[in-house]
There are 4 protein chains.
Amino acid sequence: MPADQSTDRLITETTFYVRYYETDQMGIVHHSNYIRWMEEGRSDYMRRRGVNYAEVEKHGHALAVTDVHVRYYAPAHYGERVTVRTWVESLRSRALTFGYEIIEAESARRLVTGEVQLMLIDRAGRVVTFPVEMQTALLGREA
Amino acid sequence: MPADQSTDRLITETTFYVRYYETDQMGIVHHSNYIRWMEEGRSDYMRRRGVNYAEVEKHGHALAVTDVHVRYYAPAHYGERVTVRTWVESLRSRALTFGYEIIEAESARRLVTGEVQLMLIDRAGRVVTFPVEMQTALLGREA
Amino acid sequence: MPADQSTDRLITETTFYVRYYETDQMGIVHHSNYIRWMEEGRSDYMRRRGVNYAEVEKHGHALAVTDVHVRYYAPAHYGERVTVRTWVESLRSRALTFGYEIIEAESARRLVTGEVQLMLIDRAGRVVTFPVEMQTALLGREA
Amino acid sequence: MPADQSTDRLITETTFYVRYYETDQMGIVHHSNYIRWMEEGRSDYMRRRGVNYAEVEKHGHALAVTDVHVRYYAPAHYGERVTVRTWVESLRSRALTFGYEIIEAESARRLVTGEVQLMLIDRAGRVVTFPVEMQTALLGREA
């Protein structure tokens with residue numbers, strides 16, 4: 001089904017081994033690290049669509065996080081590989097929301113879901129609208 | 001007013017300097033670190049009410065995070081002191097929610113608000129009800 | 001030259017993108033993170049030689065760090081890929097030292113070198129000698 | 001003895017509770033975090049001598065780490081308070097070395113010792129000599 005295929009292409013999957021330093025004394029990944037993994041997923045999502053975030057910052061713009069919501073279903077452990085699934089949940093002129101699902105790579109067990117909302121700001125901290133080319137790239141397929 | 005005084009006593013304030021390693025290249029505190037600060041506030045809240053969390057874990061119980069929601073209003077910077085204000089938002093037999101407000105200590109400017117929901121689990125990962133003495137301590141005043 | 005080939009095989013290279021949260025407000029990777037990258041290199045080194053460190057811990061042993069020495073030549077930046085080169089510098093019955101070189105992947109520019117010394121301990125924290133099979137695996141080639 | 005008193009005054013002690021997120025699944029503080037604690041000690045050392053590091057950076061200078069050496073004697077645990085003892089080990093025109101001892105606050109048990117070497121650089125990354133007023137402040141007593 002073409003419609004499904006198309007949807008699939010818009011989700012970026014980023015897979016890596018859990019790092020030992022990400023665990024805590026409960027023997028699981030510390031809950032704050034899933035938010036860092038979502039950032040890794042976001043970096044990967046943009047990179048694969050040709051949005052060079054290092055360049056965005058050099059031009060005086062930055063993506064500032066305005067809201068984070070995470071639900072925890074099961075913990076990740078050292079020795080496991082995890083996959084961060086990243087997509088654009090919504091994009092308006094002044095607010096961009098990424099959606100996430102993090103799964104244990106081998107079993108596909110759902111660990112965490114979440115949303116991170118961002119806005120684009122200039123060097124003075126003022127909110128600016130997303131440039132059209134950035135909007136197009138963000139909503140497009142992997143290059 | 002007694003009612004207000006009483007309410008005031010139930011909020012624990014934890015104040016510290018922003019650490020350099022908590023900043024990122026945007027020149028502000030990385031958004032994941034506010035979640036770690038909330039954990040610091042929670043540790044302090046429990047410690048001041050005689051709930052020794054290290055002891056809780058030695059007895060085979062652990063507080064597992066099930067939901068985190070954070071709203072970002074303004075960023076913290078290196079060189080500033082911040083205050084984490086922590087309180088119990090709700091406590092049911094199997095779900096404990098802490099509420100948070102993080103402010104810049106000198107100006108009292110609001111930086112972040114949030115809620116963190118936890119459940120108590122045993123070594124097998126099963127949800128257990130909060131012991132009455134823990135409930136009493138959590139809802140009580142600073143010792 | 002067989003001798004050189006052999007030596008080359010004993011270095012494990014682990015390559016990844018710098019993560020945004022690893023930067024600090026100096027606009028570079030925070031100096032503490034290179035030590036975490038060395039741990040990632042070590043995990044990868046062991047994994048590729050069939051030493052399952054998660055299993056080692058389940059059997060009641062742990063690798064405890066006793067000494068870290070790092071020299072910083074040039075900083076890594078967000079947007080760059082880095083390669084951690086990991087090898088066994090020395091292995092005695094009660095002390096294992098890994099050597100490291102971290103380079104910027106594209107230019108091969110040297111960023112950091114270092115050594116991390118570890119010992120094997122049991123659940124009581126006592127130093128134990130490295131099992132022969134672990135020694136053999138650690139000194140062997142990638143599987 | 002006045003000479004000893006004088007030496008004692010030049011060591012800054014920074015005490016705080018171990019944070020839960022600083023532990024790893026070995027049940028102890030992750031070895032990379034002691035390097036972050038040394039940075040906290042350094043920030044505190046400078047702050048108490050009137051060296052405002054945030055201001056130093058605003059004037060286009062930065063302290064870049066060039067060498068870190070840490071020896072680990074015993075681990076810190078969640079629930080403990082630790083004290084970072086910080087002093088200037090040596091100060092030359094282009095190299096500043098801080099010495100550290102980290103102890104468990106209640107028992108005074110030695111956990112870690114270390115040295116961190118820094119140089120002062122300008123915005124172009126060039127090494128500059130330490131301004132005389134900074135040298136004087138760094139070698140002076142707490143204000």
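**View 1. Strand S2 of chain A pairs with strand S2 of chain B across the chain boundary.** In this predicted model, S2(A) and strand S2 (residues 62-72) of chain B run antiparallel and are joined by 5 bridges. Strands here are DSSP runs of E with at least two residues, helices are runs of H or I with at least four, and both are numbered from the N terminus. Two strands count as paired if DSSP finds at least two bridges between them. One pair to look for is A:Arg71, whose bridge partner in S2(B) is B:Asp67. Local features need pLDDT of at least 70 and side-chain atom pairs count only at pLDDT 80 or more, while totals for chains, interfaces and linings use all residues. As for labels, residues are numbered from 1 along each chain as its sequence is written, with chains lettered from A and ligands numbered from 1 in the order in which they are written.

**View 2. Chain A meets chain B.** Here 14 residues of chain A are in contact with 14 residues of chain B, where contact means C-beta atoms, placed from the backbone, within 7 Å. On the chain A side, helix H2 (33-48) and strand S2 (62-72) are the elements that give two or more residues. S2(A) supplies the largest share, 9 residues. Sorted by class, that side has 7 nonpolar, 4 polar and 3 charged residues. For the classes, Ala, Val, Leu, Ile, Met, Phe, Trp, Tyr, Cys and Pro are nonpolar, Asp, Glu, Lys and Arg are charged, and the others, Gly among them, are polar. Since 100% of the interface residues of chain A are also interface residues in chain B, the copies meet through the same surface.

**View 3. A rotation axis relates chain A and chain B.** Turn chain A by 180 degrees, shift it 0.0 Å along the axis, and it lies on chain B with an RMSD of 0.0 Å. The two copies are thus related as by a two-fold rotation axis. Which residue of chain A comes closest to the axis? That is A:His69, with its C-alpha at 2.2 Å.

**View 4. Chain B also touches chain D.** In this contact, 11 residues of chain B go with 11 residues of chain D. Helix H2 (residues 33-48) of chain B gives the largest share of the chain B side, 4 residues. By class, the chain B side has 5 nonpolar, 2 polar and 4 charged residues. Chain B superposes on chain D by a 180 degrees rotation with 0.0 Å of shift along the axis, at RMSD 0.0 Å. B:Phe16 has the C-alpha nearest that axis in chain B, 4.9 Å away. As 100% of the interface residues of chain B are also interface residues in chain D, these copies meet through the same surface.

**View 5. Ile102 sits in the largest nonpolar core.** Of the 59 residues in this core, C:Ile102 and D:Ile102 touch the most other members. A nonpolar core is a set of buried Ala, Val, Leu, Ile, Met, Phe, Trp, Tyr and Cys residues joined through C-beta atoms within 7 Å. Buried means 20 or more other C-beta atoms within 10 Å of a residue's own, exposed means 12 or fewer, and partly exposed is in between. Strand S5 (residues 110-121) of chain C gives the most to the core, with 6 residues. Leaving out residues up to four places away in sequence, D:Ile102 touches D:Tyr34, D:Trp37, D:Val82, D:Val84, D:Leu111 and D:Val112.

**View 6. Helix H2 of chain C is mostly covered.** Of its 16 residues, 12 are buried, including C:Trp37, C:Arg42 and C:Met46. Just after H2(C), C:Gly50 takes a positive phi of about 80 degrees.

**View 7. Strand S5 of chain D has several antiparallel partners.** Strand S2 (residues 62-72) of chain D is joined to S5(D) by 10 bridges, and D:Val68 has D:Val116 as its bridge partner there. Strand S4 (residues 95-104) of chain D is joined to S5(D) by 8 bridges, with D:Tyr100 partnered by D:Gly114. In the hairpin of S4(D) and S5(D), D:Ala108 takes a positive phi near 65 degrees. S5(D) also pairs with strand S6 (residues 127-128) of chain D over 2 bridges. In the turn of that hairpin, D:Gly125 has a positive phi of about 85 degrees.

Definitions and conventions: Least-squares fit on C-alpha atoms with pLDDT ≥ 70 in both. Contact = placed C-beta atoms within 7 Å.
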